[in-house]
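Colleague: I am new to this structure and would like a close look at a single part of it. Could you pick one element and take me through what surrounds it, step by step?

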Amino acid sequence: MTCPMDNLLAGPPPTHLPDLPEAREALESGAKASDVAARFPAFPAAWASLAEEAFAQGHAVTSYAFARTGYHRGLDQLRRSGWKGHGPIPWEHEPNRGFLRCLHALARAAQAIGEKDEAERCLQFLKDSTETGYDALTQS
């Protein structure tokens with residue numbers, strides 16, 4: 001017999017965002033991230049790509065704005081997928097990566113514009129969500 005406390009100790013189950021094949025395929029085929037984001041605004045991976053591109057070009061504020069948009073779009077999807085504000089968001093599940101990349105991009109851009117508390121909060125959120133993703137994103 002299972003003890004009711006067993007489930008509480010295990011924590012919440014992992015959250016898996018849905019795949020958006022048309023958006024994913026457009027981005028993978030080389031379409032501009034801005035075109036993909038315009039056509040599929042709920043697709044965090046497009047916003048993550050935009051944020052990463054802007055940061056690489058030295059535009060931290062623009063990167064922050066793109067990352068913040070993808071972060072909020074991803075939060076909406078997480079909630080619709082049953083996420084209750086905490087618990088694992090596995091990097092290993094490919095559709096989660098766009099949101100997690102946005103979270104990392106938001107932390108990096110926040111640090112660059114002097115928002116230290118925001119940067120630390122985002123990095124902790126990333127680490128709490130996925131150790132694997134945290135390592136992949138912060139060590140690259």
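Modeller: Let us take helix 6, which is mostly covered, with twelve of its 16 residues buried. Please keep in mind throughout that this is a predicted model. The buried residues of the helix are Gly 98, Phe 99, Leu 100, Arg 101, Cys 102, Leu 103, His 104, Ala 105, Leu 106, Ala 107, Ala 109 and Ala 110, and what covers them includes helix 4 (44-56), helix 5 (60-80), helix 7 (116-129) and helix 8 (131-138).

Helix 6 runs over residues 97-112, and at 1.5 Å a residue its 16 residues should span 22 Å; the C-alpha atoms at its ends are 22 Å apart, so the two values agree. After the helix comes Gly 114, which has a positive phi, near 90 degrees.

Next, consider helix 5 as a partner of helix 6. Two packed helices are described by the angle between their axes and by the distance between those axes. For helix 5 and helix 6, the axes come within 8 Å and cross at roughly 145 degrees, and the crossing is left-handed. On the helix 5 side, the residues that meet helix 6 include Tyr 64, Ala 67, Tyr 71, Leu 75 and Leu 78, while among those contributed by helix 6 are Phe 99, Cys 102, Leu 103, Leu 106 and Ala 109.

Thr 15 has its place in the loop between helix 1 (4-10) and helix 2 (21-28), and it counts as buried because its relative accessibility is 6%. Neighbours within four places in sequence aside, Thr 15 is in contact with Leu 78, Ser 81, Trp 83, Pro 88, Ile 89, Pro 90 and Asn 96; of these, Pro 88 is 73 residues apart from Thr 15 along the chain, yet their C-alpha atoms are separated by 6.3 Å.

Pro 41, by comparison, lies in the loop between helix 3 (33-39) and helix 4, and with 30% relative accessibility it counts as partly exposed. Not counting residues up to four places away in sequence, Pro 41 touches Trp 47 and Arg 73, and its C-alpha atom is 8.4 Å from that of Gly 70, a residue 29 places away in sequence.

Key
Residues are numbered from 1 along each chain as its sequence is written. This is a predicted model: local features need pLDDT of at least 70, side-chain atom pairs count only at pLDDT 80 or more; totals for chains, interfaces and linings use all residues. Side-chain values use heavy atoms; hydrogens and water are left out. Helices (H or I, at least four residues) and strands (E, at least two) are DSSP runs, numbered from the N terminus. The expected span of a helix is 1.5 Å times one less than its number of residues. Buried means under 20% relative accessible area, exposed over 50%, partly exposed in between (1.4 Å probe, protein chains only). Contact means heavy atoms within 4.5 Å. Axes are lines fitted to C-alpha atoms, for helices over the stretch in contact, and angles run from 0 to 180 degrees between N-to-C directions. A crossing is left-handed if the near helix is turned anticlockwise from the far one by less than a right angle, and right-handed if clockwise.
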